[in-house]
Amino acid sequence: MIRAESVGYSYKETVALRDVSFALPAGQTLAVVGPSGCGKTTLLSLIAGLLEPATGRLTVAGQPINPRRPGTSLIMQDYGLLPWKTVRENAALGLIIRGLPRDRADQALAEIGIRELGDRWPHQLSGGQRQRVAIARSLALDPDLLLMDEPFSALDALTREEMQDTLLSIWQRHGTTMVLVTHSITEAVYLGHQIMVLSPRPGQVVGHFQNPSVGDRRSRAYHELVNNVRDALEKGVAQHG
Ligand SMILES: Nc1ncnc2c1ncn2[C@@H]1O[C@H](COP(=O)(O)OP(=O)(O)OP(=O)(O)O)[C@@H](O)[C@H]1O
Ligand SMILES: [Mg+2]
């Protein structure tokens, strides 16, 4: 679904990403971890086609990146809910923009367990509920590629684990290819079939792990991988920080 070959990106003189390569098969999840400012959001923006790589090659489903690709859905770091629209209207926003029927928004709200909140306003929701609205908005569009930028960072530990499980069940039901940016090593290992570790800016790949034990928080393999990812992060900071 995604192929990156030596992708680099700079904002004028600020080099944000350098020589990033990976391949993500359809139906798999990729978790990206790295220190603040290392280029994670930049990488998602590139995959979404909002930025063009300065160097290297990046394709999605075999095609050059394109911001109008209908199957790609991006959930930004701040959820992007409009305060003057109800939950139902917020969830339908992507459908309205694309001229599609709105009833899929109700289905998506039901699937994510907040259908009864449809008439509320965003300020009447908890952080976890707002996050669910943002995910429902994306799901309503039936994406084949879901890009998420630190979706759970504002949540308390228990709600966060609940949302991780929700995401996992969405993946199990739809087989959606996902890229998840996170600061949390344990979240990356719980949710990523692949885990890519970036160094401090300019982000370079300092570790890349395959993870056979997705969806398992207790096994030995899970704890070993958490340690390996932590080692890679620390080594990246020591060598490039
Ligand atoms: N529009 C911009 N113009 C100039 N520099 C930018 C711009 N956007 C981001 N940067 C810089 O590029 C680097 C990478 O930014 P990016 O937002 O991708 O980091 P990040 O890994 O997502 O960080 P965080 O974990 O804090 O969200 C940072 O050093 C940032 O200051
Ligand atoms: Mg970011």
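In strand 2, which residue is the bridge partner of serine 10?

Tutor: The bridge partner of serine 10 in strand 2 is valine 15. Before we go on, please keep in mind that this is a predicted model, in which local features need pLDDT of at least 70 and side-chain atom pairs count only at pLDDT 80 or more, while totals for chains, interfaces and linings use all residues; side-chain values use heavy atoms, without hydrogens and water. Residues are numbered from 1 along each chain as its sequence is written, and chains are lettered from A and ligands numbered from 1 in the order in which they are written.

Let us stay with your pair for a moment. Strand 1 (residues 2-11) and strand 2 (residues 14-24) run antiparallel and are joined by seven bridges. Two strands count as paired if DSSP finds at least two bridges between them. Helices (H or I, at least four residues) and strands (E, at least two) are DSSP runs, numbered from the N terminus. Strands 1 and 2 form a hairpin with two residues between them, and lysine 12 in the turn has a positive phi of about 45 degrees.

Six strands make an open sheet with mixed pairing, in the order 6-7-8-3-9-10. Its edges are strand 6 (72-75) and strand 10 (205-210), each of which pairs on one side only. On average, neighbouring strands here are turned by 15 degrees against each other, direction ignored. Strand 9 (residues 194-198) and strand 10 run antiparallel, with five bridges between them, and valine 197 stands opposite glycine 207 in strand 10.

Strand 10 also holds valine 205. This valine is partly exposed, at a relative accessible area of 30%; buried means under 20%, exposed over 50%, and partly exposed in between, using a 1.4 Å probe and protein chains only. Not counting residues up to four places away in sequence, valine 205 touches Val20, Ser21, Met196, Val197 and Leu198. Contact means heavy atoms within 4.5 Å. By C-alpha atoms, valine 205 and histidine 174 are 29 Å apart in space and 31 residues apart in sequence.

In strand 8 we find threonine 177. At 1% relative accessibility, threonine 177 is buried. Its side chain reaches the backbone nitrogen of glycine 27 at 2.8 Å. That is a polar contact: a pair of N or O atoms within 3.5 Å, where within protein one must be able to donate a hydrogen and the other to accept it, and residues adjacent in sequence count only if both atoms are side-chain atoms. Beyond four places in sequence, the residues that threonine 177 touches include Met1, Leu24, Pro25 and Asp144.

Helix 7 (residues 220-240) lies across strands 3, 9 and 10, at about 170 degrees to strand 10. For these angles, axes are lines fitted to C-alpha atoms, for helices over the stretch in contact, and values run from 0 to 180 degrees between N-to-C directions.

Next comes ligand 1. Of the 13 residues around it, Ser36, Gly37, Lys40, Thr41 and Thr42 come nearest; a residue counts as near if one of its heavy atoms lies within 4 Å. The side chain of serine 36 has an N or O atom 2.5 Å from an oxygen atom of the ligand. Cysteine 38 places a backbone N or O atom 3.1 Å from a ligand oxygen, and a polar side-chain atom of arginine 201 lies 3.4 Å from one.

Our last stop is helix 3 (residues 103-111), where Ala105, Asp106, Ala108 and Leu109 are buried. Seen down the axis, these buried residues fall within an arc of 160 degrees, so they line one face of helix 3; the arc is that of the directions from the helix axis to the C-beta atoms. They pack against helix 2 (87-97) and helix 4 (127-140). After helix 3 comes glycine 113, with a positive phi near 85 degrees.
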